[in-house]
Amino acid sequence: MTSHTGFAAIAAQLDGQAIELPSWAFGNSGTRFKVFGSAGTPRSVEEKIADAATVHRFTGLAPTVALHIPWDKVDDYAALRSYAAEQGVALGTINSNTFQDDDYKFGSLAHVDPKVRRKAIDHHLECIDIMDATGSRDLKSWLADGSNYPGQADLRGRQDRLAESLSTIYDRIGEEQRLVLEYKFFEPAFYHTDVPDWGTSYAQVTALGERATVCLDTGHHAPGTNIEFIVMQLLRLGKLGSFDFNSRFYADDDLIVGSADPFQLFRILFEVIRGGGFGPDSDVAFMLDQCHNVENKIPGQIRSVLNVQEMTARALLVDRVALDAAQTDGDVLGAHGILMDAFYTDVRGDLAAWREERGLPADPMRAYAESDYQSQIEAARVGGTQLSWN
Ligand code: AOS
Ligand code: ZN
Ligand code: ZN
């Protein structure tokens, strides 16, 4: 594989790649055993946005930041939007939260009690009002709804109520906005989950209409699931709205994307590219959904977006003409070899040069480590309350 000429041919396609950062990645996070605080952790939504903007300054890859309501609730969203613009980023997806209130013990949009459903619907409508002020396109909903014991809930009744609630929310989604429904196979419910898989999300959003799509969180599948097949299918059906990128070893681990299995990330991005989900004509949103429990958060996010860029470059390098010919010829190992050649191509040197040509640091991890941003925030952000991810 001639990585140099190969890279020159795909370099321009990397321009404009955008990966949205989650505001919650900058707060302290942990497990049910312990949340470790760290020096310099933001105490306000503005400080989270400033950190996200720093990731963008060092990488050129992260022009937007996703907010989570109510974690990022403020009085004046227009002012927050201006603040973000001053920092060099825009506000992105608004994430709803129907999992941290006592009323939601037995669910939210699928709850058996109409009062609880109404409360959850109203929360989503409030999120849409916020999107109007922030200029956000996407409302992303992940539901904790489900049950723990066989017989506890009427599975069909819950699915019907979910459809009705989603339709009420969808009625308020603006012409330029989208409702994105995220699925997850288990947790916090362990017996059944109301939106457990892509098929259920697809069925629900298809019933709503064109501006409702599916969010694929890479950590939300059973071990061994062929995620790139799901990517292919959702793109084929025109319903892949967004990604929540992260890595998993065991469950919904929310580790740095590309760290557990870079090859899986490569395979996913190859199907994204092949399916038309990458580039200026695509409206697939690429987001991170991660927590940094033991590592510094800003370099954790820098590493993440670089991993996505690196695997995107390798996936773009696949010789699709040769691959197509090998597939048509039934050349099993030839076809496999063509894919692996691209995967094994080291693009790090080329990407460093690509960055320098664009006025970015060749090595954003090192540039951040050598900058004084971390020491500045550690000195400045004393007093006040550090934010945790929730
Ligand atoms: C939960 O497991 C999901 O991944 C959601 O995307 C969730 O909203 C996000 O992790 C922030 O809580
Ligand atoms: Zn997610
Ligand atoms: Zn998750």
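Here is a short chat about reading a predicted model.

Biologist: Where do I begin: how many helices and strands are there in the chain?

Modeller: Remember that this is a predicted model. The chain has 14 helices and ten strands.

Biologist: And what does the radius of gyration tell me about the chain?

Modeller: You set it beside the value for a compact globule. With 390 residues, such a globule would come near 21 Å, and the chain has 21 Å, so the two agree. Along the principal axes, the C-alpha atoms fill a box of roughly 60 × 60 × 40 Å.

Biologist: How should I describe two packed helices?

Modeller: You give the angle between their axes and the distance between the axes. Take α10 (residues 320–328) and α11 (residues 332–343): their axes come within 8 Å and cross at roughly 160 degrees. Angles over 145 degrees count as roughly antiparallel, so that is how α10 runs relative to α11. The crossing of α10 past α11 is left-handed.

Biologist: Which residues meet there?

Modeller: From α10 you have Ala322, Leu323, Ala326 and Gln327, and they meet Gly334, Ala335, Ile338 and Leu339 of α11. Sorted by class, this contact has six nonpolar residues, two polar ones and no charged ones.

Biologist: Now the ligand. Which residues surround ligand 1?

Modeller: Around ligand 1 you'll find Trp24, His68, Asn95, Trp142, Glu182, Lys184, Asp217, Asp244, Asp252 and Asp289.

Biologist: What does that shell look like by class?

Modeller: Ligand 1 has six charged residues in its shell, plus two polar and two nonpolar ones.

How values were computed: Residues numbered from 1 in each chain as written. Chains lettered and ligands numbered in written order. Predicted model: local features only at pLDDT ≥ 70, side-chain atom pairs only at ≥ 80, totals over all residues. Near = placed C-beta within 6 Å. Nonpolar A, V, L, I, M, F, W, Y, C, P; charged D, E, K, R; others polar. Axes fitted to C-alpha atoms, helices over the stretch in contact; angles between N-to-C directions. Helix = DSSP H or I, 4+ residues; strand = E, 2+ residues; numbered from the N terminus. Parallel < 35°, antiparallel > 145°, perpendicular 65-115°, else oblique. Left-handed = near helix turned anticlockwise from the far one by under 90°. Contact = placed C-beta atoms within 7 Å. Rg over C-alpha atoms; globule rule 2.2 N^0.38 Å.
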